Amino acid sequence: MTKSNSQREVYRGLRGVYFDRSLTSDIDGEAGELRYRGYSIHELAMHSSFEEIAYLLLQGELPTADQLNGFDAELKAARQLPPAMIDVIVAVKEAHPMDVLRTAVSALSAFDPERGDNSSEAVFRRATRLMAHVPLVVATHHHLRHCRDPMPVDLTMGHAAHFLYSITGEKPSIASAKLMNTDMVLHAEHGSNASSFTARVVTGADADLHAAMTAAIAALSGSAHGGAAENVMRMAQEIGDPGNAAAYVADKRKRREPVMGFGHRVYRTEDPRARHLRDGVAQLSREMGQPQWFDILQAVVAAMAPYGRHGVNVNVDFYAGVIYFLQGIPEDLFVPIFAAGRIPGWAAQIMEQLENNILIRPLTLYAGPAPRSYRHVEDRQS
């Protein structure tokens with residue numbers, strides 16, 4: 001017997017719905033655990049380079065020394081934007097950096113030598129090029145909008161260090177480069193989040209890698225997905241002093257407004273990625289002579305402690321924004337940095353979708369008027 005619409009259950013936001021199987025990442029929201037291809041995020045954050053993590057996500061296994069060297073060489077060989085991309089960036093340079101990035105990634109498709117090729121080998125190579133291009137787009141736009149020439153490419157630096165250098169114009173300290181590497185490792189992949197799901201939906205329609213990546217960037221630009229790091233730094237600046245944190249939190253809760261950097265759609269305990277950025281912020285804030293920002297964040301954590309039992313805990317974005325701020329990066333680049341770190345995760349999800357592709361077509365439950373007859377315009381009354 002067919003169910004009526006009133007008897008059907010609707011899962012708004014697809015919460016709790018499994019739409020496919022995945023080999024890329026495993027999230028246990030109750031225990032607060034995250035694994036890439038079976039490896040704990042804690043081990044990877046402490047020991048791995050972003051290049052190694054990207055290879056792991058795209059190829060399924062950690063690379064040997066020779067494989068890592070080869071992959072690193074491919075990434076560095078792609079550290080050059082097509083000359084015509086400068087004109088594209090200049091044309092839209094007054095836009096928000098995420099809008100510029102979305103436009104640039106879409107345009108990069110036209111210059112890709114393997115555009116339209118969705119074979120696994122070609123997608124791997126195209127994803128590698130995009131991993132190199134996206135940080136360059138972000139940094140190039142940043143300099144051009146301030147009427148400066150982009151920094152010359154340096155092939156001696158690792159991926160994360162070079163990204164930081166290309167934005168700030170200064171060779172980063174060992175500690176700063178390491179922290180940026182950790183940040184990118186932690187952001188590299190996170191299951192079927194809004195942007196990754198968007199990439200898979202677009203891929204399911206048989207669109208190519210650049211189309212799916214463009215759509216993923218568009219999804220990430222939304223404030224409910226990628227904007228938390230930017231908002232946390234604004235919150236810290238608004239609080240101004242650790243002594244003001246408790247009153248700030250109390251006022252937010254009284255108004256039923258969210259405290260930025262707390263709560264997650266998946267985790268019911270602290271986001272497992274947060275601890276590694278917390279340690280980094282503590283060290284970097286002391287190194288930069290600005291310990292007040294870490295102190296403010298910790299005061300907010302203390303004020304929010306009573307809500308932890310309700311599943312409202314620190315997420316990865318709570319500390320990320322302060323890391324960027326301390327390194328002289330403007331707030332509107334926070335989300336593009338997130339995007340640069342997520343390229344391998346999006347690419348891995350796209351490759352996985354392509355392996356056994358299917359059009360993703362969920363249903364919406366109709367709740368409008370009952371069947372009715374059409375009436376000609378002269379018979380309708382106002």
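Ala, Val, Leu, Ile, Met, Phe, Trp, Tyr, Cys and Pro are counted here as nonpolar, Asp, Glu, Lys and Arg as charged, and the others, Gly among them, as polar. On this basis, the lining of the second largest pocket comprises six nonpolar, two polar and three charged residues. The structure is a predicted model. The volume of this second largest pocket is about 360 Å³. Its lining is formed by Arg8, Glu9, Val10, Tyr11, Arg12, Gly13 and Leu14, together with Pro362, Leu363, Thr364 and Leu365.

Sorted by class, the lining of the largest pocket holds 20 polar, 16 nonpolar and nine charged residues. Several elements contribute at least two residues each to this lining: strand S1 (25-28), helix H9 (194-204), helix H11 (228-239) and helix H16 (334-355).

Helix H9, one of the elements that line the largest pocket, also packs against another helix. Two packed helices are described by the angle between their axes and the distance between the axes. For H9 and helix H10 (residues 209-220), the axes come within 8 Å and cross at roughly 150°. Angles over 145 degrees count as roughly antiparallel, and H9 and H10 are therefore roughly antiparallel to each other. The crossing of H9 past H10 is right-handed. On the H9 side, the contact involves Ala194, Ser195, Thr198, Ala199, Val202 and Thr203. These residues meet Ala211, Ala212, Ala215, Ala216, Ala219 and Leu220 of H10. The residues of this contact comprise nine nonpolar and three polar residues, with no charged residue.

Rolling a probe the size of a water molecule over the atoms shows where empty space is left. Two cavities of 30 Å³ or more were found in the model. The volume of the largest cavity is about 60 Å³. Its lining consists of Arg79, Ala132, Pro135, Leu136, His159, His162 and Phe163. Helix H6 (120-144) and helix H7 (159-168) are the elements that give two or more residues to this lining. By class, four of the residues lining the largest cavity are nonpolar, two are polar and one is charged.

Terms used
Residues are numbered from 1 along each chain as its sequence is written. This is a predicted model: local features need pLDDT of at least 70, side-chain atom pairs count only at pLDDT 80 or more; totals for chains, interfaces and linings use all residues. Side-chain values use heavy atoms; hydrogens and water are left out. Helices (H or I, at least four residues) and strands (E, at least two) are DSSP runs, numbered from the N terminus. On a 1 Å grid over the protein atoms alone, a cavity is a set of points where a 1.4 Å probe fits but cannot get out, and a pocket is an open set with protein on both sides within 12 Å along at least five of seven lines; lining residues have an atom within 4 Å of a point. Grid points are joined across faces, edges and corners, and a volume is the space filled by probe spheres set on the points. Axes are lines fitted to C-alpha atoms, for helices over the stretch in contact, and angles run from 0 to 180 degrees between N-to-C directions. Angles under 35 degrees count as roughly parallel, over 145 as roughly antiparallel, 65 to 115 as roughly perpendicular and the rest as oblique. A crossing is left-handed if the near helix is turned anticlockwise from the far one by less than a right angle, and right-handed if clockwise. Contact means heavy atoms within 4.5 Å.
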